[in-house]
Amino acid sequence: MTAPVLVPNLRSLRDEFDRRWPRRDRASDGWIGDQAHAAGVSGHNPDESGRAERQDADRRDEVRALDVDRDLDTAAGDELYAELDRIRRDPDLRRRLIYIIYRRQIASASAGWVWRPYTGPNPHTEHGHLSGHPDYDDSTAPWGVASMEDEMLTDADVDRIATATARKTWTWDLLNGAGTDEAYRVLTRAATAAVAAAGRDPVDERAVAAELLTVLTPGAIAAALPDDVARQVADELAARLRE
């Protein structure tokens, strides 16, 4: 039998924490259990040991639990809680887990993903614990932990990305055809709001375009443009939104 490994699902999450906070404290990090864990059932035990929380049909010796030290950036407060709570609230992310434990609280799939008091022997005040779901062992999809680039994104960067994205939408062609400075401004303002709402760098242009159509409503166009131009653009936008 090969040596136990941390499943890719949680390895990718750990890697994202490392990229976002390269100087974070790792003293309380962990994945494979010690002798105390081996004495009972734990997600930190390899699944071929017979003492893991979940097993699967393959013969790989996998561990489905990850501990992340709480000290990511002490100057910024408890950012670990913010990240764990974001994962807890996201249906697409939390389905990759069985439960999360942190600061004497637990949130689990079996109890509707609400925070509840945790009374186990380890209060998990020094680290957060995440137990992975075996159905997602091999997933390496992004977890969305903020990147270093996100932190350095300036207002000027947002405007630049927004304008570049807006130029690739059909709405740009309509408004630019109106030939007014106000048309340019209303589109760029809407695109900037869309980029901020999407909250990603590099930008997912499809997500931004969808958000752009939500922000740039017929009413917003009508309020900013001459009546004849606004009517033409608003009618076309309303038709596209119904598609």
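Asp-92 is exposed, with a relative accessible area of 52%, in this predicted model. Its side chain meets that of Arg-95 in a salt bridge, with N and O 2.6 Å apart. From this charged pair we can move on to the other salt bridges, then to the sheet, the helices and the nonpolar core.

**Salt bridges**

- Side chains of opposite charge can pair when their charged atoms come close.
- The count of salt bridges in this model comes to 14.
- In the pair we began with, Arg-95 counts as partly exposed, at 40% relative accessibility.
- Asp-18 forms a salt bridge with Arg-26, and their closest N and O atoms are 3.1 Å apart.
- Asp-18 is partly exposed, with a relative accessible area of 22%, and Arg-26 is partly exposed too, at 35%.
- Another salt bridge joins the side chains of Asp-85 and Arg-89, at 3.1 Å from N to O.
- Both Asp-85 and Arg-89 belong to helix H3, where they sit 4 residues apart, about one turn of the helix.
- Asp-85 counts as buried because its relative accessibility is 12%, and buried means under 20%.
- A network of salt bridges links Asp-47, Arg-60, Glu-62, Arg-64, Asp-137 and Asp-138.

**The sheet**

- Strands of a sheet pair through backbone hydrogen bonds, either parallel or antiparallel.
- Here, 5 strands form an open sheet with antiparallel pairing, in the order E3-E7-E4-E5-E6.
- At the edges are E3 and strand E6 (116-117), each of which pairs on one side only.
- E3 pairs with strand E7 (residues 127-132) over 5 bridges, in the antiparallel sense.

- H1 lies across E3, E4 and E7, and runs at about 10 degrees to E3.
- H3 lies across E3, E4, strand E5 (105-108) and E7, and its angle to E4 is about 155 degrees.

**The nonpolar core**

- The largest nonpolar core has 22 residues, and the members that touch the most others are Leu-13, Phe-17, Leu-97 and Ile-100.
- Helix H1 (8-20), strand E3 (65-69), helix H3 (79-89) and strand E4 (97-102) each supply at least two residues of this core.
- Setting aside neighbours within four places in sequence, Leu-13 is in contact with Leu-66, Ile-87, Leu-130, Trp-143 and Val-145.

Conventions:
Residues are numbered from 1 along each chain as its sequence is written. This is a predicted model: local features need pLDDT of at least 70, side-chain atom pairs count only at pLDDT 80 or more; totals for chains, interfaces and linings use all residues. Side-chain values use heavy atoms; hydrogens and water are left out. A nonpolar core is a set of buried Ala, Val, Leu, Ile, Met, Phe, Trp, Tyr and Cys residues joined through side-chain atoms within 4.5 Å. Buried means under 20% relative accessible area, exposed over 50%, partly exposed in between (1.4 Å probe, protein chains only). Contact means heavy atoms within 4.5 Å. Two strands pair if DSSP finds at least two bridges between them. Axes are lines fitted to C-alpha atoms, for helices over the stretch in contact, and angles run from 0 to 180 degrees between N-to-C directions. A salt bridge is a side-chain nitrogen of Lys or Arg within 4 Å of a carboxyl oxygen of Asp or Glu.
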